[in-house]
Amino acid sequence: MAKKAPLKIFTGTATKYLTTEICKSVNVDLGKSSCPVFADGEFEPCYEETIRGAHVFIVQSTFPTSDNFMELLLMIDAAKRASAYKIIACIPYFGYARQDRKDKPRVSIGAKLMADLLSAAGVDRVITMDLHADQIQGFFNVPVDHLFASALFIPYIQKMGLRDIVIASPDVGGTKRANTYARMLGTDMVICHKSRAKANVVGSMTLIGDVRDKDVIIVDDLIDTAGTITKAAGLMIKEGANSVRAFAAHGLLSGPAYERIEESALQEVYFTNSIPPKKESSKIKYISVADAFGEAIQRVYKNESISSLFFK
């Protein structure tokens, strides 16, 4: 019988902090790789050890800049040309996922393009977490294992000891996600209905449901400029909520996000560490996804089911 292909885990430069944790969880040494940069900014990722016939897992979140995505593509291509047996991209945060449809004329569907580029580079499988929309899995021509931050957040919320919880969605598009939390926690759900003046700018917001004397948990897939989440928190307090906290898988935190969170009615904001923090904040806390991705990597490597690991 042929010897099973070895398991090797490598990291892109943007996600080394997380990959190191994942390797500890899996009890595998971090693979040796480098990414020399030319004087003009061009870079050339390369593997510093043999990967011939190996299951190669490459961990890299594709948050801005776009160099992070380009580096992942080049690492996949290098692994294919080095005769890796299987190439699996572990993408804790999948960038461009908000561009999942044509919501106005003459725009790209960026999420589909990113999926096509990964396939063209030679990836055999993708493991990711909390896509902006579940249907993005259908953009890929390879298997996608879609993990959920709710598997980490729900047990954490249960241990917080809050008296009377209600789950809130910051917009109508997030009602399915909020419903999952409400069902698992056995609580009610409310919805914020918003209209946007333009991208990243909230026009008006109204609340559907009752939050009076409740401890509100707002759940979302990501927080970018924090305009929506902080406006929602202010509305909840105005409507009589005892406290407001937010849980989101990915903390992009662009522009004025940190200042808005610090000055808002939010008591605490929780993210996974799919994206590294840009600076510290007294209100922002991080929950590691290393064990979740480590377990998923081991199960994929052993051809075991991962569906039992995560809430949907």
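At 30% relative accessibility, Asp116 counts as partly exposed, where buried means under 20% relative accessible area, exposed over 50%, and partly exposed in between (1.4 Å probe, protein chains only). Asp116 forms a salt bridge with Lys112, the closest N and O atoms being 3.0 Å apart, a salt bridge being a side-chain nitrogen of Lys or Arg within 4 Å of a carboxyl oxygen of Asp or Glu. This is a predicted model, in which local features need pLDDT of at least 70 and side-chain atom pairs count only at pLDDT 80 or more, while totals for chains, interfaces and linings use all residues. Residues are numbered from 1 along each chain as its sequence is written, and side-chain values use heavy atoms, with hydrogens and water left out.

**Salt bridges**

- By the rule just given, the count of salt bridges comes to 13.
- Lys112, the partner of Asp116, is partly exposed, with a relative accessible area of 29%; because the two residues are four residues apart in helix 3, Lys112 and Asp116 are separated by about one helical turn. Helices (H or I, at least four residues) and strands (E, at least two) are DSSP runs, numbered from the N terminus.
- In helix 2, Asp77 and Arg81 are likewise four residues apart and so separated by about one helical turn, and they form a salt bridge in which the closest N and O atoms are 2.8 Å apart. Asp77 is partly exposed, with a relative accessible area of 22%, whereas Arg81 is exposed at 65%.
- Arg125 and Asp145 meet through their side chains in a salt bridge of 2.7 Å, N to O. Since Arg125 belongs to strand 6 (residues 125-129) and Asp145 to strand 7 (residues 144-147), the pair ties together parts that are 20 residues apart in sequence. Arg125 counts as partly exposed at 26% relative accessibility, while Asp145 is buried, with a relative accessible area of 10%.

**Surface charge**

- A patch of negative charge on the surface gathers Asp188, Asp210, Asp213 and Glu239. Patches are made of residues with over 30% relative accessible area and no salt bridge, like charges being joined within 9 Å and nonpolar side chains (Val, Leu, Ile, Met, Phe, Trp, Tyr) within 5 Å.
- One of the patch members, Asp210, lies in the loop between strand 10 (201-208) and strand 11 (215-223), and is exposed, with a relative accessible area of 52%.

**Backbone geometry**

- Most residues other than glycine have a negative phi, and most peptide bonds are trans.
- A cis peptide bond, with omega of about 10 degrees, joins Pro64 and Thr65; Thr65 lies in the loop between strand 4 (55-59) and helix 2 (67-81).
- Ala226, although not a glycine, has a positive phi of about 70 degrees. Ala226 is placed in the loop between strand 11 and helix 6 (227-238) and counts as buried at 3% relative accessibility.
- Leu253 is not a glycine either, and has a positive phi of about 50 degrees. Leu253 lies in the loop between strand 12 (243-251) and helix 7 (257-263), where it is buried, with a relative accessible area of 2%.

- Ile109 is found in the loop between strand 5 (86-91) and helix 3 (110-121) and, at 32% relative accessibility, counts as partly exposed.
- Leaving aside neighbours within four places in sequence, Ile109 is in contact with Gln99, Asp100, Arg101, Lys102 and Phe139, contact meaning heavy atoms within 4.5 Å. Ile109 and Ala97 are twelve residues apart in sequence, and their C-alpha atoms are 9.0 Å apart in space.
- Arg177 lies in helix 5 (residues 175-185) and is buried, with a relative accessible area of 18%.
- Not counting residues up to four places away in sequence, Arg177 touches Asp130, Leu131, His132, Val219, Asp220 and Asp221.

Conventions:
Accessible areas come from the Shrake-Rupley method with a 1.4 Å probe; for residues, only the protein chains shown count as cover. Lys and Arg count as positive and Asp and Glu as negative; His and the chain ends are not counted. The place of a charge is taken as NZ of Lys, CZ of Arg, CG of Asp or CD of Glu.
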